[in-house]
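Subject: Structure handover

Hi,

Here is the structure I promised to pass on. Please have a look, then read my notes below.

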Amino acid sequence: MPAGAQNSLSTSQTAPVRYIVSLANRLEHLVRVRILLGPGPSQRDVQLPVWNALYQVRDFSQYVNWVRAKSTTGQPIAVQEIDKTTWHLTGIAPGAEIEYEIFADQSGPFGAQLNPQHAFFNLAEILMYPVDGRNSLAEIWFTDLPAGWRIATALPSLGEGFSAPDYDRLADSPVEIGAFQESDFDQGSAHYRVVVDADPADYDMQKMVPMLRSLVSAATAWMDDQPFQTYMFLYHFPRGPAGGGMEHADSTAIDISASRLAESPQSLGDLTAHEFFHLWNVKRIRPQSLEPIDYTKENYTPALWFSEGATSTAGNIIRLRAGLLDDARYLKGVADEIGELERRPAHLTQSSEESSLDAWLEKYDYYRLPKRSISYYNKGSLLGVLLDLQIREATHGSASIRDVFQWMNEHYARKGPFFPDSEGVRRAAEAVSHSDLGGFFRKYVAGTDEIPWDDFFRTVGLHLVRRVVSIADLGFVATQNFDAAPVVSAILARSAAENGGLSVGDAILEINGHSVNDGYAQHLAALRPGETLRLRVRNSAGERELRWTLGTRQEIELQLTDLDKVTPEQKASRAAWLRGEAQTVGETRP
Ligand SMILES: [Zn+2]
């Protein structure tokens, strides 16, 4: 119980909202929350968000076992549910205490979990807010911690508890509670904390810290900005299903399975660069359509192609600059992304803006089929690359996408306004390039025109080479929703997969004995024609093992390679492009 939590309430309507969160029932994953409301209106509503962390309605109120309330003198107050996620209280002018129990056992950076090993909370998934008090100061205490557990969060400390200027900032600050390991370092004028909840055998803090230091150093130099004093990296490396990162204004939470981390150590820098860059792009350089946040229903935005996709573009540039990615691997990555886009027939029917709006459908398997949707991460990251090349061409190398981000940081993030979605990106790109980019945004951002890749890559002496390769014919399409098991969403008629007994709706657990947790896509890509495929799958009837021999099919493989003749100008442009900066005066051609 926090000292003084009940007797220092202000009498204004902006009285702080105080939360006391008990971690006593770890075995049953039950979190007990008390909300202390100060004096205010006599009738108030409290709500629990229906979505957070993912652009998916997940209805967190499904986990609320009960809600009750009492007056400041301890008398019971009636709590009336008025919709699935809103409760109404009357006669509470002097203040009230609301109490509820909520189940929390979803692991990962998009979840909330309490168990005997640790607690990790995206707070919007467990904390209700007074509808008229989202802007009030929020304070929070965690109680009933086992001996040895500590609390890590980017929230400012109140001694025992933590505070946030309002509910939105509280919800944007995940909390890890447990016996984690921690390291830290200073870079520039900021302090960085590195919190890891994992088996020490599965990672090496001595290697992680220098990697993170080079990454934040490259990113803050590239943006010429460090808009925080303290930033926290929070990692889990579980031995089980995991994958994903979640951005926050002053922290990030990242999960990578221990086996994936061992097989592909660069995945750590890859994911971290993306999430770290989000502290600018989406958290501070923020699309208007995401504000104010609507926690009660879908919060539609057409801007994720930029807020997510171009964040990947920037993350890759930062890794190049930090020496965590080499040019060849970067170019292969770009070519692979183009291949991924072109193999999805929906690239001719769904624009990057429509894909952003439809993010809320990603929880459905059918939606993720190649003929139904593209990914705003995928096309958006390519649009970032193309916009960079277009600006470089228009300015003879004197401006780049770096200037777009810096311009948006200056004109939107630092001055306060949110940017008007794609139109705001176009405004920034036109301001730094002094050129009309209407066609680019009409055709490739809002539209579904085929992208003339070679016209863009010619400026840096590259072109796409298409090669027909024979690959294993799987005979099915499976789609994966974040860290869930991939689910079979289509089976080709008369294929070996059909004959082998695979069904739409089967969840894939293992591929040739490898768990799908350690790189599902990589295991599929490694399969060769003529090989035997063994799948362990699960459906409502239980688990089963299937096997069949893989046939052959042709696929186009893309490579970005040198033009027959690369001019010195193209060479210089390419070097500057891969450094993520403008050409120096000597390099610049009129
Ligand atoms: Zn992201």
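In this predicted model, the zinc ion is coordinated by His274 (NE2), His278 (NE2) and Glu308 (OE), at 1.9 to 2.1 Å. Donors here are N, O and S atoms within 2.8 Å of the metal (3.2 Å for Na, K and Ca); water is not among the atoms, so sites may look incomplete. The donor spacing in sequence is H-x3-H-x29-E. His274 sits in helix α4 and Glu308 in helix α5 (residues 304-321), so the pair ties together parts 34 residues apart in sequence. Helices are DSSP runs (H or I, at least four residues), strands likewise (E, at least two), numbered from the N terminus.

Two source notes. Residues are numbered from 1 along each chain as its sequence is written, and side-chain values use heavy atoms, without hydrogens and water. Local features need pLDDT of at least 70, and side-chain atom pairs count only at pLDDT 80 or more, while totals for chains, interfaces and linings use all residues.

Next, Asp172. It lies in the loop between α1 (167-171) and β15 (175-178). Asp172 is buried, with a relative accessible area of 11%. Its side chain makes a polar contact of 3.0 Å with that of His248. Such a contact is a pair of N or O atoms within 3.5 Å; within protein, one must be able to donate a hydrogen and the other to accept it, and residues adjacent in sequence count only if both atoms are side-chain atoms.

Best wishes

Note on methods:
Buried means under 20% relative accessible area, exposed over 50%, partly exposed in between (1.4 Å probe, protein chains only).
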